[in-house]
Amino acid sequence: MNGQRMSKSTGNYILPMQLISGENDFFEKPFKPSVVRFCFMQAHYRSVLDISNEAMLAAEKGFNRLMEAGKILSSLPVSKNSSFDVQNWKQQCYNAMNDDFNSPILIAQLFEGVRIINLVKDGKETLTEADLRELEASFNAFVFEVLGLKDEQQATENNDKLDGVMQMLIQMRMEARANKDWTLSDKIRDELKAIGIQLKDGKDGTTYSLE
C-alpha cells in the first residue's frame, strides 16, 4: 500500500472492509465492493498489488466507465455492415482468460469494447444487429460473470422500486385488515411468502424481509 509493504509494525495496513466502510486513515472516501474488486483485478493474481488513494479513485472512474458503456449497449444503432471485428475482440478476451486468468489483459480488452461502444454511439463505427447482440452478450458475460462485478447503482435503484411496491402492498393489507377483509389480507401475506418475501407484524407496524 502506497508503495510500501503492508505491515502491522509500521501501521501501513488496511482490512478489505475498511476500504468499503471508509473507516481508515489512508483513503479519502469509502469505495463500493465492486470498485475494490475491479481495482484488485487490474493486477495479475500472482503479482504484487499496490493500492493507494489515487489507484482506488482511478479504479472507480474506470469502473463507472465500464458500467455506463454496458447501459447504452442495447440502445446502439445498427447498420448493414460492421466496421469492427466483434469475433476477434471476443477471442482476445478468451485468450486473456486462457493465459492463467490474466485479468489485466481482459480488462484492457473490455475497455477496447468500451471505446467501440462509444464510437458506435457517436456514429464513427458501425455494427450489424447480429454483431451488436454478440458484443452485448460477450461484454456482459465477461464483466458480470467472469469478473463478478456488479452494477451496484442499478441494484440500489431496483431495491428502491421493490420497497415502493412493498409499501403499497403493506398499505393495501392494512386497509383490508381495517375493513375486516381477512381473505384479502391473508392472500397478500401468503402470496408474498410463496415468492420468498416474509411479512412481519409488530407494534410499530408491518415490515418485510427476503427469505
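Trainee: What is the relative accessible area of lysine 71?

Mentor: Welcome! This is a predicted model, in which local features need pLDDT of at least 70, side-chain atom pairs count only at pLDDT 80 or more, and totals for chains, interfaces and linings use all residues. Residues are numbered from 1 along each chain as its sequence is written, and side-chain values use heavy atoms, leaving out hydrogens and water. Partly exposed lies between buried (under 20% relative accessible area) and exposed (over 50%), with a 1.4 Å probe and protein chains only, and lysine 71 counts as partly exposed because its relative accessible area is 34%.

Trainee: Which residue forms a salt bridge with lysine 71?

Mentor: A salt bridge is a side-chain nitrogen of Lys or Arg within 4 Å of a carboxyl oxygen of Asp or Glu. Here the closest N and O atoms are 3.6 Å apart, and the partner is itself partly exposed, with a relative accessible area of 44%. The partner of lysine 71 is glutamate 68.

Trainee: Why are lysine 71 and glutamate 68 separated by about one helical turn?

Mentor: Helices are DSSP runs of H or I with at least four residues, numbered from the N terminus. Both residues sit in helix α3, residues 53-72. They are separated by about one helical turn because their spacing along that helix is three residues.

Trainee: How many residues apart are lysine 90 and glutamate 134, which form another salt bridge?

Mentor: In this bridge the closest N and O atoms are 2.6 Å apart. The pair links distant parts of the chain, with lysine 90 in helix α4 (residues 86-98) and glutamate 134 in helix α6. Lysine 90 is partly exposed at 21% relative accessibility, and glutamate 134 is partly exposed at 22%.

Trainee: Which helix holds both glutamate 191 and lysine 187?

Mentor: These two form a salt bridge, their closest N and O atoms being 2.6 Å apart. Glutamate 191 has a relative accessible area of 46%, so it is partly exposed, and lysine 187 is also partly exposed, at 46%. They are four residues apart, which means about one helical turn, in residues 182-194, helix α8.

Trainee: How many salt bridges does a search of the whole structure find?

Mentor: Side chains of opposite charge can pair when their charged atoms come close. Some salt bridges here join into a network, which links Arg173, Arg177 and Asp201. The search of the whole structure gives a total of 11.

Trainee: Where does phenylalanine 101 lie?

Mentor: Phenylalanine 101 is also a residue other than glycine with a positive phi, near 50°. With a relative accessible area of 34%, it is partly exposed. Its place is the loop between α4 and α5.

Trainee: Is leucine 127 buried or exposed, and what is its relative accessibility?

Mentor: Leucine 127 lies in the loop between α5 (103-121) and α6 (129-146). Its C-alpha is 7.5 Å from that of lysine 80, although the two are 47 residues apart in sequence. Leucine 127 counts as buried because its relative accessibility is 1%.

Notes
Helices (H or I, at least four residues) and strands (E, at least two) are DSSP runs, numbered from the N terminus.
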